[in-house]
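Please look through the model shown here before reading the notes that come after it. They are meant to be read beside the sequence and the coordinates.

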Amino acid sequence: MTGRLRRDPRAERAARQVGLGARPRFDLAQPPGGRSPGGGVSGIGPSGRIRRDPRAEQARLLVPGGDRPRLVRGGTGGTGTARVSAPAPAQVIRVDDPACLVVAIPDLPDGRLDRLDRQVLGAARVLADAASGAVVMLGGAAHPDLVQEAAQAGADRLAMVDTALPGQAVLDPEYRAAVVCAALAALSPRHVLFPDSDDGADLARRVAAHTGQGLMTGVEVLTARQAIRPCRAGRREQISAPPALMTLAPDRVAPYAGAVREARLLPGGVDPVPVLPVPGRIRASAPRAADPATMKLAEAPFVVAAGNGVTDFGLFRAVVADLHATPGASRVVCDAGLMPRAAQVGASGTVLDAVCYLAFGIAGAPQHLQGLGRVEHVVAVNTDLHAAMVARAGLSVIADAQRVMPAIRDALAAEGG
Amino acid sequence: MATELRAVVLLSAGIDPVSGRPAPVGTEIRAIGLARALGARMIGLHAGPAAPVLREYAGYGLADIVCLDGAGHDPVAALARAIVSGSLFTDGTVDLVLAGRRASGGMDSGLLPYAVAERLGWPIVADVAEGQVAVPASRPPEFDVEQARPRGTRRAARVAAPCALAVHDVASCVPDFVFARTRMAVLRTMPSGLAEPSAPVTETVEERAYRRRPRLIASTATQAPGGQVLVDPPPQDAARAIIDHLRALGVLPPPAGS
Ligand SMILES: Cc1cc2nc3c(=O)[nH]c(=O)nc-3n(C[C@H](O)[C@H](O)[C@H](O)COP(=O)(O)OP(=O)(O)OC[C@H]3O[C@@H](n4cnc5c(N)ncnc54)[C@H](O)[C@@H]3O)c2cc1C
């Protein structure tokens, strides 16, 4: 005999039997030594040692609520189920007595903060945090439900100033600039940040020209101590301390990702409402989308292009029209006269600024891929799995373009009808 | 035309972004084209000494170019002064100031046209892609311009003379280049009339060679599923996959029914 215990599985099983029905039933959760008197965690194994069930113990330590599992390991365990904590209220950061103000003036296309707007608020946060200041978001009077969004994007204060001409459908950039100047004069911020978008940069330059304050446009690097922007045709760069007014280039500063900010509402409106010396000198209407069929290739957001793998150009044009896209082509196709020269994508054609590029039967020669410089999403339809265009694409379909194109038309037609 | 427009095109001594050699700026060439499209008589105005690169603009149809001497320290004041002085055109005042939306070779901030317009007290419309004289003709003339906005959108605006227009890179009004005109062009030099600065202007801004820095990567939410390949799918499946992918990217509008 060794000193080792010999288990008798049959006897153990018999000890777990419950009831004496026609069919034997077993309580396998019961510890093999039979239920311990307190019904506690641990059973005594056949060896006489306490047997632990780590899974059950962990389940008892689990604190309910919250979307991530949380365990409280402080005590000896076993009290877990009694501990019901309400989900902790989200921490809101308040700045009550800011040393200075940093104003961010987002564009708010469609009344929401877009990607660049969030980056502008993130940049304002960088400057404000270094000086224990507060970020003020200016604008958005027409969109009162913006508060929550602004709080998440890092705004401590919200000055909902109405920059639209009262009671008029036309936009007056001069009026907008005058309102912003008046609001800024009331706040006297240390820095003002604008997005370097068309509208944001226009406003920033108007404000700078009107107030005579220093403006740095297209800032690419921004820290609390320095701002860097390209100059001299992008061959050199300017470094200086962050000036009073800045426009921030897209995708250069990360948006704010910390805890929710207060976004306290400041008294909205400017008092007195500025009066332009000559009102209504510029009457701008709302922007209207261009017709994709006639849009310039360089500006088009969605381009569908044909290469040497496309033989049926009537079909190709119909697909392009159905997809509401702008037509493009490779050089081979343009050389053959099958598509106009203006449609050529590539080094000797047009360099695209599109969001998405759908290429039918294009091999992806280097000269052609040069034209896709900034395109983020490429879709390729090609019979050759090893084509360079397939390597560049986010979605590739290895199939005959002449068969995929009618299928796309049919699928779109089925949806429409 | 009895009442011909008188336009001033602001010119800068640009450099080529790739080679760094003197080159005309694309938006200013388009500004010349816009002045022609509006049927204006034009004079080029450059704040600074006469530079050979200015002749290139003459090749695009700007026969008369005026350089303002001694304007280097305050180009805005010098340009505004020359524009209101009435000495540019013999037969009247300036109706229109045209400029590129942003220089290429200087500070490139795009602020100068705004500062000049502010100094003159004129309205300015930037990012102009197209323009024409509004009908019916009025006095002072009005202009209907189209402002370029991202992704091919356009915004119409109406503004009355005298005004300033800053031309966008997407404007299609590029005039033909004629080499012989660059030879025939006259560069006139006029005194800027500004007092010399009492103290030498000190550049406080540090400059160094440009360093390319990576941009933030687009958020994963909008990123396509990387490198998905469908090999020989049935055409219907391929069409569905492409349409769903385009919808996820937001370039294809959702089906009409939903
Ligand atoms: C100085 C210079 C400048 C150039 N500039 C440009 C430029 O600006 N733009 C440009 O586009 N090119 C340019 N080129 C030409 C370039 O090098 C390529 O020759 C050209 O892009 C190839 O066009 P392609 O992909 O349509 O044709 P191909 O190279 O013939 O490729 C056709 C592709 O279609 C696929 N295919 C065939 N049949 C089918 C089918 N039934 N269904 C689906 N797929 C099919 C094939 O697998 C292949 O991948 C330039 C060349 C030079 C020398």
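Predicted model: local features only at pLDDT ≥ 70, side-chain atom pairs only at ≥ 80, totals over all residues.

Residues are numbered from 1 along each chain as its sequence is written, and chains are lettered from A and ligands numbered from 1 in the order in which they are written.

Chain A contains an open sheet of seven strands, in the order β12-β16-β11-β8-β9-β10-β18, with parallel pairing. Strands here are DSSP runs of E of at least two residues, helices are runs of H or I of at least four, and both are numbered from the N terminus; two strands pair if DSSP finds at least two bridges between them. Strands of a sheet pair through backbone hydrogen bonds, either parallel or antiparallel. At the edges are β12 (215-219) and β18 (264-265) of chain A, each of which pairs on one side only. Within the sheet, β11 (residues 191-195) and β16 (residues 245-248) of chain A run parallel and are joined by four bridges, with A:Leu193 opposite A:Met246 of β16(A). Helix α3 (residues 115-130) of chain A lies across β8 (101-104), β9 (134-138), β11 and β16 of chain A, at about 160° to β11(A). Such angles run from 0 to 180 degrees between N-to-C directions, with axes being lines fitted to C-alpha atoms, for helices over the stretch in contact.

The ligand is surrounded by 28 residues, and among the closest are A:Gly307, A:Asn308 and A:Arg331. A residue counts as near a molecule or strand if its C-beta atom, placed from the backbone, lies within 6 Å of it. Helix α8(A) contributes the most to this shell, with three residues. By class, the shell has ten nonpolar, 15 polar and three charged residues.

In chain B, the domain assignment gives domain 1 (5-191) and domain 2 (220-249), the bounds coming from an automatic or database assignment. The C-alpha centres of these two domains of chain B lie 47 Å apart.

Between the chains, 71 residues of chain B are in contact with 66 residues of chain A, contact meaning C-beta atoms, placed from the backbone, within 7 Å. On the chain B side, α6(B) gives the most, with eleven residues. Strand β24 (residues 395-398) of chain A runs parallel to β11(B), and four bridges join them; A:Ile398 stands opposite B:Val231.

Terms used. Contact = placed C-beta atoms within 7 Å. Nonpolar A, V, L, I, M, F, W, Y, C, P; charged D, E, K, R; others polar.
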